[in-house]
Amino acid sequence: MPRLDMVDISNNNGYMTVANYKSMIKYGVKAIVQKTSEGTYFTDKTAKTNVANAVKAGLHVNGYHFARFTTVAGARAEAQMATRCALMAGLGKDSVIVLDFESNNKGWATNAAIIHAWVKEVKRMGYPKTDVYTMGSWTNSMPLNNSGRGGWIANYPSNPSGMNMYKSYNGWQWSSTHKFPGVYGGIDVSQMYSDYYYGSAAKVAKPKKAVYYDYNPKVIYARTEIKRYKDKEFKHPVDNWPAHTVFEVASLIKYGKVTRFKLANGLYITANEAYVNRLYYVAGGKTKRVKSVRGTHRYKDKSLHHVVDWWPAGTTFDVQKVVKDGNATRIKLSNGMYISGNKLINSFVK
């Protein structure tokens with residue numbers, strides 16, 4: 001089964017004792033995330049006691065606010081509510097204040113604006129560490145990189161044994177019904193992939209050396225928010241574009257020890273692989289399985305002119321090989337049909 005690195009506690013679990021937490025520590029729990037507030041109207045009355053007892057047990061403590069806002073003004077108001085309640089609960093500046101965003105999905109543009117407004121206000125109010133929690137089906141509808149790595153994703157497989165889902169995020173909440181000996185009821189549990197929720201005293205992994213493209217992949221997409229510049233020196237910014245924006249690359253430009261992408265419109269963006277990725281799989285590559293992101297058509301031909309059928313988001317496909325078609329690639333399936341080689345349509349599984 002996945003690890004039990006962190007537990008999510010709220011008034012639904014009642015008041016937690018030091019003994020409760022010590023029972024969890026025996027199974028690998030390192031941190032808690034305590035609900036502190038919801039909307040502009042609810043304060044979790046169990047938070048202060050639960051946080052204090054977790055600290056006594058030796059756990060790092062964090063807090064979360066359940067979002068109800070749909071506007072920038074609402075986001076700021078709820079951010080103020082969240083920070084006041086976090087302070088009353090005893091959470092310090094080393095605690096992550098999480099935005100639990102699963103109530104209203106207004107689409108990328110609106111979600112990005114209101115989430116950024118909430119994060120900015122929480123930081124202004126004195127809490128520098130934030131993150132966003134949401135369900136797996138919403139990950140493409142909002143920015144999730146507030147901590148550099150970013151995002152805490154919920155998805156509850158019927159049998160999570162041997163699984164490591166959402167490894168590119170801070171953590172994966174894999175069950176909401178886990179039982180700990182001596183602890184009442186089911187507990188939300190998460191497997192974490194970074195030390196972000198464990199506090200500044202946690203061992204910090206040595207950052208990986210930046211890797212830059214040394215060839216022109218022709219078409220790329222942004223992994224995170226991307227800034228465009230007039231010049232390769234990056235002294236004159238033009239604008240910002242959200243994660244998953246697609247760019248056409250005219251050429252790869254050398255700049256000192258790194259590289260830049262010159263776009264088809266003459267502007268420049270980074271060629272750092274941490275921030276951008278080639279849009280299409282490599283022809284002849286070793287990809288064995290992909291999963292539909294938003295729904296996928298299967299085709300008779302690699303030019304994708306003759307549709308056979310459509311499969312919903314989450315469907316996995318076994319790959320026979322990746323073949324080139326102009327500047328794009330297609331995935332030839334084990335049954336001889338074709339699907340798009342666009343990673344934003346069919347994401348990598350294996």
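Modeller: Let us start with a term: contact means heavy atoms within 4.5 Å. The model is predicted, so local features need pLDDT of at least 70 and side-chain atom pairs count only at pLDDT 80 or more, while totals for chains, interfaces and linings use all residues. Residues are numbered from 1 along each chain as its sequence is written, and side-chain values use heavy atoms, with hydrogens and water left out.

Biologist: Which residues does Lys343 touch, not counting residues up to four places away in sequence?

Modeller: Lys343 touches Tyr221, Asn277, Arg278, Leu279, Tyr280, Tyr281 and Val293. Helices (H or I, at least four residues) and strands (E, at least two) are DSSP runs, numbered from the N terminus. Lys343 lies in the loop between strand 22 (338-340) and strand 23 (346-348).

Biologist: How far from Lys343 is the nearest side chain of opposite charge?

Modeller: Lys and Arg count as positive and Asp and Glu as negative; His and the chain ends are not counted. A salt bridge is a side-chain nitrogen of Lys or Arg within 4 Å of a carboxyl oxygen of Asp or Glu. Buried means under 20% relative accessible area, exposed over 50%, and partly exposed in between (1.4 Å probe, protein chains only). Lys343 is buried and has no salt bridge, for the nearest side chain of opposite charge, Glu273, is 9.1 Å away. A polar atom of the Lys343 side chain does lie 3.3 Å from the backbone oxygen of Arg278.

Biologist: How many aromatic pairs does the structure hold?

Modeller: Rings of Phe, Tyr and Trp (its six-membered ring) pair if their centres lie within 6.5 Å; planes under 30 degrees apart count as stacked, over 60 as edge-to-face and the rest as tilted. The structure holds 10 aromatic pairs. Among them, Phe101 and Trp138 are edge-to-face, at 6.3 Å centre to centre with 65° between the planes. This pair links distant parts of the chain, 37 residues apart. Both Phe101 and Trp138 are buried.

Biologist: Is Tyr213 buried or exposed?

Modeller: Tyr213 counts as buried because its relative accessibility is 4%. Tyr215, at 34% relative accessible area, is partly exposed.

Biologist: Which residues do ring pairs link into a cluster?

Modeller: The cluster consists of Tyr133, Trp152, Tyr196 and Tyr197.

Biologist: Which residues of helix 3 are buried?

Modeller: An α-helix has 3.6 residues a turn, so residues three or four places apart point the same way. In helix 3 (residues 72-89), the buried residues include Ala75, Glu78, Ala82 and Ala86.

Methods
Expected span 1.5 Å × (residues − 1). Polar contact = N/O pair within 3.5 Å; in protein donor to acceptor, adjacent residues only side chain to side chain.
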